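These are my notebook entries on one structure. I set out to follow a single residue and record what surrounds it.

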Amino acid sequence: MLVALEKQAAQGQIDLFFGDETKFSEQGYVPYAWQFDDENVAIKVSKGKSINCFGLFSRTNQFLYRNSEKNISASFIIET
């Protein structure tokens, strides 16, 4: 399916974009850390604000994005 979409985009029939989302947060997140056997590693975590970003990228270097303090959901993408 992607090959067919890429072909249509190359022929100028459609504008093809690839989407991704990410979250930027003040809250620390460390899923793992290197440590010695006798060493305890801890990182103090506190609640903070966060912002979500949804972006669309094209092979022609077009970039569209929207930021939100709410979670990125299908309804958010449709409304945007």
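Which residue in S3 is the bridge partner of phenylalanine 57? I looked it up and found phenylalanine 63.

**Basis of the entries.** I am working with a predicted model, in which local features need pLDDT of at least 70 and side-chain atom pairs count only at pLDDT 80 or more, while totals for chains, interfaces and linings use all residues. Residues are numbered from 1 along each chain as its sequence is written, and side-chain values use heavy atoms, with hydrogens and water left out.

**Entry 1: the sheet.** I located phenylalanine 57 in strand S2, residues 50-58. Strands here are DSSP runs (E, at least two residues), numbered from the N terminus. I then traced an open sheet of three strands, antiparallel in its pairing, with the order S1-S2-S3. Strand S1 (17-25) and strand S3 (63-68) are the edge strands, as each pairs on one side only. I noted an average twist of 15° from one strand to the next; the axes are lines fitted to C-alpha atoms, and angles run from 0 to 180 degrees between N-to-C directions. Between S2 and S3 I recorded six bridges in the antiparallel sense; two strands pair if DSSP finds at least two bridges between them.

**Entry 2: the rings.** I next looked up aromatic pairs (ring centres of Phe, Tyr or the six-membered ring of Trp within 6.5 Å; planes under 30 degrees apart are stacked, over 60 edge-to-face, the rest tilted). By this rule there are two aromatic pairs. Phenylalanine 57 and phenylalanine 63 form a stacked pair, with 4.8 Å centre to centre and 25° between the planes. The rings of phenylalanine 63 and tyrosine 65 are also stacked, because their centres are 5.5 Å apart and their planes lie at 20°. I therefore wrote down Phe57, Phe63 and Tyr65 as a cluster linked by ring pairs.

**Entry 3: the surface.** Phenylalanine 57 is partly exposed at 39%, phenylalanine 63 is partly exposed at 43%, and tyrosine 65 is partly exposed at 43%.

Key
Helix = DSSP H or I, 4+ residues; strand = E, 2+ residues; numbered from the N terminus. Buried < 20%, exposed > 50% of the residue type's maximum accessible area, 1.4 Å probe, protein only.
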